[in-house]
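Thanks for coming. I have one structure for today, and I will keep it short. Please look at the screen.

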Amino acid sequence: FFFSSRRRHTRQRSVSWARRCVQETGTWGFKNMYGIDAPRIVIGLAISSVITLGVAIYLFLSPPFALKYLNYTGCCLFFVTGVFLLRSVIWMLYSSLIQKKNVAEEMLEAIEKANYPGYLHSVKRALDVGCGRGLLMNTLAKKIVKKEDSGVKVYGIDIFSNADQYGNSIKATISNAKLEGIPLEGIEVKHCDARKIDFEDGFFDFVVSSLCIHNIGEELPKKEDSQKEREKALKEMIRVTKPGGSITVWDLFNGKEYFDFFKREGLQPKIVREFKSFGLDSTIVYAKKEKQQFFSLLL
């Protein structure tokens with residue numbers, strides 16, 4: 001009786017601990033949990049993979065029908081389909097859990113290289129558009145926010161859609177910052193649409209964005225309308241960046257579109273790198289905003 005009562009008490013404590021972790025942090029208690037992107041797609045692919053591989057195994061082991069080669073053909077088709085779906089699941093999990101951290105570091109290195117060594121330590125205010133659960137925001141904050149009252153602050157904005165990222169919320173984002181040991185005075189997270197950023201002109205030294213902009217306007221049927229909505233967000237990012245500052249965007253599909261838009265707006269863009277992410281084409285675009293000329297300041 002003593003041991004069964006003790007096991008029951010331990011199990012109850014474990015359940016309450018897990019429930020508290022999920023409620024307070026959006027994680028299962030592990031450090032640096034930044035969620036899985038497009039969780040519904042990942043789950044759908046995983047279930048489809050299990051089903052198709054299961055059918056392939058059944059056809060391989062089942063007695064042959066009247067046309068026994070039909071079994072082998074079906075087995076091969078389902079097996080190949082299942083492996084392809086499983087590969088997609090692995091790609092998405094790798095991109096969410098490993099690649100994003102590496103690319104966040106790469107984006108910040110690109111910003112530093114485009115300016116001068118130690119540039120990040122001279123920054124006072126930076127913005128992460130579409131911060132999600134704070135991976136890029138916290139990677140930056142750990143580099144530049146050293147003391148509670150240093151006056152340096154990293155801001156994050158998002159609409160916090162759970163369809164785009166599992167457990168997406170302001171509470172989870174702030175909790176991850178705590179887990180990373182970042183002084184909370186050094187970050188600020190707001191619910192805000194990227195097409196209407198709630199900051200004044202030239203407020204930030206630089207702006208970054210990771211896997212966000214392609215989601216804007218995706219519900220619209222016409223590609224031209226979707227592009228206009230994305231350009232609204234890019235234009236807002238330019239507006240809140242100070243002269244001489246920069247914008248760095250990592251996103252799927254639309255790297256060339258962003259490059260061309262920044263060029264039309266008078267910035268100096270460049271492609272940092274093109275590579276596969278989530279099994280899709282992705283691009284890091286860096287764009288420098290020109291400093292105001294002395295004579296234009298006098299006008």
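Some housekeeping. This is a predicted model, where local features need pLDDT of at least 70 and side-chain atom pairs count only at pLDDT 80 or more, while totals for chains, interfaces and linings use all residues. Residues are numbered from 1 along each chain as its sequence is written, and side-chain values use heavy atoms, with hydrogens and water left out.

The protein has eight helices and seven strands; helices (H or I, at least four residues) and strands (E, at least two) are DSSP runs, numbered from the N terminus.

Now strand E5, residues 241-252. Of its 12 residues, 10 are buried, so E5 is largely enclosed by the rest of the structure. Buried means under 20% relative accessible area, with a 1.4 Å probe and protein chains only.

E5 runs parallel to E4, residues 204-210, and six bridges join them; strands pair if DSSP finds at least two bridges between them. Here Phe206 stands opposite Ser246 in E5. From E4 the chain passes through helix H6, residues 223-240, to E5, in a right-handed β-α-β crossover. Right-handed means that, with the strands pointing away from the viewer, the path from the first strand over the helix to the second runs clockwise.

E5 also pairs with E7, residues 280-288, antiparallel over seven bridges. Thr248 has Tyr286 in E7 as its bridge partner.

Back to H7, residues 255-264. Its buried residues include Tyr258, Phe259 and Phe262.

Methods. Buried means under 20% relative accessible area, exposed over 50%, partly exposed in between (1.4 Å probe, protein chains only).
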